[in-house]
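Please examine the sequence and the structure shown below before reading the report. The text is intended to be read alongside them.

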Amino acid sequence: MTTTTKQIATIGMAVLLMALLIIPFASTLAQESPKEEDFFQVRKVRTPEGIILEVGGLALLPDGNLGVSTRRGEVYIIENPTSSNPYFRRFASGLHEILGLAYKDGALYCAQRGELTKLIDTDGDGRADVYETIHAWPLSGHYHEYSFGPLIAPDGSFFVTGNVAFGDEEWWRGESRVPWRGWAFNITEDGKLTPWATGMRSPAGPGMLNGKFFYTDNQGDWIGSGGLWQVEKGDFMGHPAGLRWSGLEGSPMKLTTEKFLASMDERRLKNDQGRYIKPENIIVEDYKTAVDAKEAFPEFRLPAVWLPHGILGISSSEPTIIPEGVFGPFAGQVLVGDQGMSMLSRVMLEEVNGQLQGAAIGFRSGFRSGILRTAWAPDGSLFVGETNRGWGSAGEANEGLERLTWNGKIPFEMLNVKAMPDGFEITFTQPVDTASANDLASYAVDSYTYKYHPVYGSPPVDMKSHRIRGVKVSADGLTARLLVDSLKEHYVHSITLDGIRERDNFYSLIHPTAYYTLHSIPQGTKLSMVGVSTKDSSIPVVKEEPMPEPTVKAAAGKTASAKAAETAKPAPVKPKAPTYKEVEGLLAKYTCMACHNPEKKQVGPSYADIAKRKYTDEKMVQLIYNPQPANWPGYATEMPPMPHVPKADALKIAAYINSLAR
Amino acid sequence: MRSFPILLGLMVLSASQLIAQPELFKLPASGWSVAGDVTIPLAKPASAVATTGEGVLVHIPARKTAAGALESASAYGNMALEFSYLLGAGAEATLFLHGVYPITLADDGNPSVATAGSNGGTPGYAPRQSVGRAPGLWQHLQVVFQAPAGDVPARLVRAELNGVVIHENIALQPPAGTAVQATAPFRIAPARGVVAIKDAKATQLTDLPGPANTGNADPIIITAPVVTMHRSFMDIPDAPRITHAISLGHPQQVHYTYDLNKGSLLQVWRGGFLDATPMWHERGNGTARPLGSPVRFGAPALTVARLGSADAPWPTDTVGSGFKPNGYRVDAAGLPTFRYQVHGGQVEDAIQPLPQGNGFSRSILCSALPAGSYLRLAVAPKITDQGKGVYVIGDNGWYLTLQETGGAKPVIRDGQGGRELLIPVGSTVRYSIIF
């Protein structure tokens, strides 16, 4: 810097200032890859004090105003919502937990817990004076009986989805106490209800994608992980509770509870005291997966993509198609929100052999609260409606309305991932550095699937690493054709490109891992080996790891040496617990950080609070493998079993957590 | 301790039984008489009609008799006291705890801003809410009192009027110059108007209760400075959870809850509007609770139904009725008119506060209903016809006054829930609920 300043000192003050500003910036860029926030900015929507925007629904109105419905039962219309001076009018109030809002023909429609309601302002004073019940459906009065929607179908009718309740003694088991809990149903403007599909558990994310009905569900019993499903009439999505009503008039569902139980074990077992036993994950068992369910029940609908739990969310919400011309190269792809992780994921769908499937990847995190709803603004930004009350989220605020804007710069990302007969084809938003892209060490492909069982969520099971036989990089550097051994149908294939670098600045990918749910492997000719690189730099030389693995290794080393010290000395010395830095990589790898923070309550308790329970390290490992949510009554979201965490790593994490005890 | 044998006798009685008051109060007392029941004619609300019998002590002012105080036969230190009282229009009396600490019992019109002199007030403390009842209706006061000891002043540990906490843990200052005594009798002194007392129960306490456990959540209270609608689940005693309830709060501080699934008025109350903590704290359970003291109208059932015959039982659910809610329209004042279809006809149901704030006026407009359709206006163990369209519902629970029947004649009949007041469906029925 000294020489630089001397050189330009004679040139003039203005240039000097510019240089001072530019040079440090440029040097920073050369060292550090840009991040999500360098392309997509989270902006607030100025909100008057006192308004609690626990957003349950967003609807863009034809005049560019934004309708917002809230869990507190209010509907606001925000004028100039993308300006620096939005104006809020309370359009309606006093409704019951409105978890959806839609506009049609001059009226707003919203799903309350127990009915679809049309709100009309007949006298033009900016406030609804008609609250018309289009259709009221039954409820038992359980807190979890939320209703979501409506979506407006191309024919002008409405779709609503409904949560299951939970059992009293079997508080872990989703129950459909009254018709149509656990169902999606269609309602016409004149109030006729047609049951549409069942098997839904917590369908918080209904979405109309290109005129077709999709939804996301939340992990729980029978739902191994969150995901995105297309819904067609008569589909069974997987949770059996709603099958109870298959025989009712109007039901398109052939599958019954009896038929379901003939193939699937609900594990409704009692102990010696006659009390029901909560089903826990059985680590070694002959388990079933969604594919087994699909084989048993033709009505069963596989998810188009799984959204891996703890990585791309823990409580998926609304999906939306990215319109043309707003978020750069990603037009036509799907964004899916998540409540617990306060993030958006991006989904790239394709149809293979008639089966919808594709890849999911992170897009933007760091929102202030849990994302439930999104709506596109006329200026191309995305309104993001948020709430986390009762469940907690990575964003610590309880609610919020924010706006995601794009600054027009292209992030270095996987633009698309497509299945090939012999691997995957990955396209990039920017040309890749050829040397990194031709190196097989830059790629890793692993696969796993989820169990289909009555346990809360599923660990990833049957995990396997796939050999990468070669890669062919296109001349323009925008495509890498990856040859992968023994692809597994219906498995999630995680495709990690840690070693890939961008051509001009040598940037890393902002999101290096995509998760492709491979239901069907396309037919077609396999790639000839002409022009395929099989170079693998990881074989002859130790390459520099881009991931923070070294810290983990250091931690392991320390523990080992501490153990050695313990055996050497006659008086036992307690091994030094790993520090946060030393386990951070593990916490990220095993998705612990999706729900836990060292000091703060998020979706789950803080590590400090867990440490107060004074579990032994061994006990804590057992609890990682088979969590006991009953121990934490103040937390709404159950922890899924995590038996795939190797014991050595689990012990390390436990030792770290226990080191926080005061 | 010398009152112990009497207390033992009192404590074995259930709350619903009448207390043998001659044992609790020194009787005879000047100006008080023993009656079987007392009613206040709505047309002449400062007067009273007493029937012979036992169980009610009534003071009806007379020119020749001076009003004396009812005084307890025993002296108490720390104590729990509860009794029901009924006041004529404009009447007032004072309960003197420990003989000297006053709590006002008054028909004061339930002002929206209460003072220390309001019904349930005590010097220095207005009741937290105005939850008194209209004249002629029984109301219930429950008090836990801590006697003064040395320099430690007396405390009102808790006072509940009609089931609502109006004071909790406040220090009571004795009138100047009063010597502090360990025990003293309590007194009820009438000042003016008709005063009746029943169901009185006094208990010497050795242990005082601590503060009520109301959880750890910051309360989320919905007030009604303007007309405020609020949909929620609603729990009422002895009925399944009401899942499609709407409550309406009015700045006159009279409120109601309506079951949209049956077109049924569930409850009315005075005082604060709603406690939404149960539904809005964390996940919540979807329910809100009235803050004030509700008068309830029984398990929800259709208000309008077709009966196979005049003595057919009133239906308990909507099966076969074709009931379909249509929602509501809100007028310029923010008040909703509920609309629904039943038995192929259309019903519009509007409930508005009375101008005096002493209740609601309800108008039910029916069209195209089949013959044999009725409105059920009230169901209660007891319904008393006072004539000219005035009915006393329950044990002086509330008044119903019919304003408009479209020429139809109301009938009182026996039903499963006790007595029922029915009226054949004409066009419009309008009646008031005074509570």
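This is a predicted model: local features need pLDDT of at least 70, side-chain atom pairs count only at pLDDT 80 or more; totals for chains, interfaces and linings use all residues.

Residues are numbered from 1 along each chain as its sequence is written, while chains are lettered from A and ligands numbered from 1 in the order in which they are written.

**Overall form of chain A**

Chain A contains 10 helices and 36 strands. Here helices (H or I, at least four residues) and strands (E, at least two) are DSSP runs, numbered from the N terminus. The radius of gyration of chain A is 26 Å, close to the 26 Å that the globule rule gives for 662 residues, so chain A is as compact as a globular protein of that length. That radius is taken over C-alpha atoms, and the globule rule is 2.2 Å times the number of residues to the power 0.38. The C-alpha trace of chain A spans about 75 × 75 × 60 Å along its principal axes.

Of the 662 residues of chain A, 49% count as buried. A residue is buried if 20 or more other C-beta atoms, placed from the backbone, lie within 10 Å of its own C-beta atom. Two residues are in contact if their C-beta atoms, likewise placed from the backbone, lie within 7 Å. Among contacts in chain A between residues at least 6 apart in sequence, 61% join residues at least 24 apart.

**Where chains A and B touch**

In the contact between the chains, 22 residues of chain A meet 22 residues of chain B. On the side of chain A that touches chain B, strand S9 (residues 130-136) of chain A gives the most, with five residues. The residues of this side of chain A divide into seven nonpolar, 10 polar and five charged. In this division Ala, Val, Leu, Ile, Met, Phe, Trp, Tyr, Cys and Pro count as nonpolar, Asp, Glu, Lys and Arg as charged, and the others, Gly among them, as polar.

S9(A) also pairs with strand S21 (residues 324-330) of chain B, in the antiparallel sense and over three bridges. Two strands pair if DSSP finds at least two bridges between them. A:Val130 stands opposite B:Arg329 in S21(B).

**An enclosed strand**

Which strand of chain A has five of its six residues buried? Strand S35 (residues 491-496) of chain A does, so S35(A) is largely enclosed by the rest of the structure. Strand S31 (residues 444-449) of chain A pairs with S35(A) in the antiparallel sense over five bridges, and A:Val445 has A:Ile495 in S35(A) as its bridge partner. S35(A) also runs antiparallel to strand S36 (residues 513-518) of chain A, with six bridges joining them. The bridge partner of A:His493 is A:Tyr516 in S36(A).

Most residues other than glycine have a negative phi, and most peptide bonds are trans. The table lists exceptions.

| Site | Feature | Angle |
|---|---|---|
| A:Gly149 to A:Pro150 | cis peptide bond | omega near 10° |
| A:Pro179 and A:Trp180 | cis peptide bond | omega about -10° |
| A:Trp222 | positive phi | phi near 70° |
| B:Asn162 | positive phi | phi near 50° |

A:Pro150 is found in strand S10 (residues 147-152) of chain A, whereas A:Trp180 is found in the loop between strand S13 (174-175) and strand S14 (183-187) of chain A. A:Trp222 lies in the loop between strand S17 (212-217) and strand S18 (226-230) of chain A, and counts as buried because it has 27 C-beta neighbours inside 10 Å.

Notes
A residue is buried if 20 or more other C-beta atoms lie within 10 Å of its own, exposed if 12 or fewer, and partly exposed in between; C-beta atoms are placed from the backbone.
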